[in-house]
Amino acid sequence: KLEKLLLKHDIVITAHLHRPIVQKYENGKIYINPGDWLSYYTFVTLENNRIILWELKEEQIKEKEVIML
């Protein structure tokens with residue numbers, strides 16, 4: 001199903017799959033799942049043409065993964 005969505009859209013964002021991921025494919029398409037705040041303490045932001053997956057760890061928020069648009 002994700003592959004069909006990426007054929008039609010440049011960026012696909014889903015939720016409730018729990019595992020955080022930000023993935024850019026060779027064709028430039030992007031898949032984002034911010035993860036689960038209750039288990040992974042992760043969230044995603046879009047800033048200055050960057051998609052950033054953040055993680056709260058040991059009382060600090062850290063960049064976990066960054067993708068340039």
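Biologist: In which sense do β1 and β3 pair, and over how many bridges?

Modeller: Bearing in mind that this is a predicted model, β1 and β3 pair in the parallel sense, and three bridges join them.

Biologist: What is the strand order of the open sheet, and which strands are its edges?

Modeller: The open sheet has three strands in the order β1-β3-β2, with mixed pairing. Its edge strands are β1 (11-13) and β2 (21-24), each of which pairs on one side only. On average, neighbouring strands of this sheet are turned by 5° against each other, direction ignored.

Biologist: How many bridges join β4 to β5, and what lies between the strands of their hairpin?

Modeller: Strand β4 (residues 42-47) runs antiparallel to β5, and six bridges join them; in β5, Glu-55 is the bridge partner of Thr-42. The hairpin of β4 and β5 has two residues between the strands, and Asn-48 takes a positive phi near 50° there.

Biologist: Which residues make up the largest nonpolar core?

Modeller: As a general idea, nonpolar side chains in soluble globular proteins tend to be buried together. Here the largest nonpolar core has six residues, namely Val-22, Ile-30, Ile-32, Ile-51, Leu-53 and Ile-67. The elements giving two or more residues to this core are β3 (30-33) and β5 (50-57).

Biologist: Which residues does Ile-51 touch, leaving aside those up to four places away in sequence?

Modeller: With that exclusion, Ile-51 touches Val-22, Ile-30, Ile-32 and Ile-67, among others, and its contacts also include Val-44, Thr-45, Leu-46 and Glu-65.

Definitions and conventions: Residues are numbered from 1 along each chain as its sequence is written. This is a predicted model: local features need pLDDT of at least 70, side-chain atom pairs count only at pLDDT 80 or more; totals for chains, interfaces and linings use all residues. Side-chain values use heavy atoms; hydrogens and water are left out. A nonpolar core is a set of buried Ala, Val, Leu, Ile, Met, Phe, Trp, Tyr and Cys residues joined through side-chain atoms within 4.5 Å. Buried means under 20% relative accessible area, exposed over 50%, partly exposed in between (1.4 Å probe, protein chains only). Helices (H or I, at least four residues) and strands (E, at least two) are DSSP runs, numbered from the N terminus. Contact means heavy atoms within 4.5 Å. Two strands pair if DSSP finds at least two bridges between them. Axes are lines fitted to C-alpha atoms, for helices over the stretch in contact, and angles run from 0 to 180 degrees between N-to-C directions.
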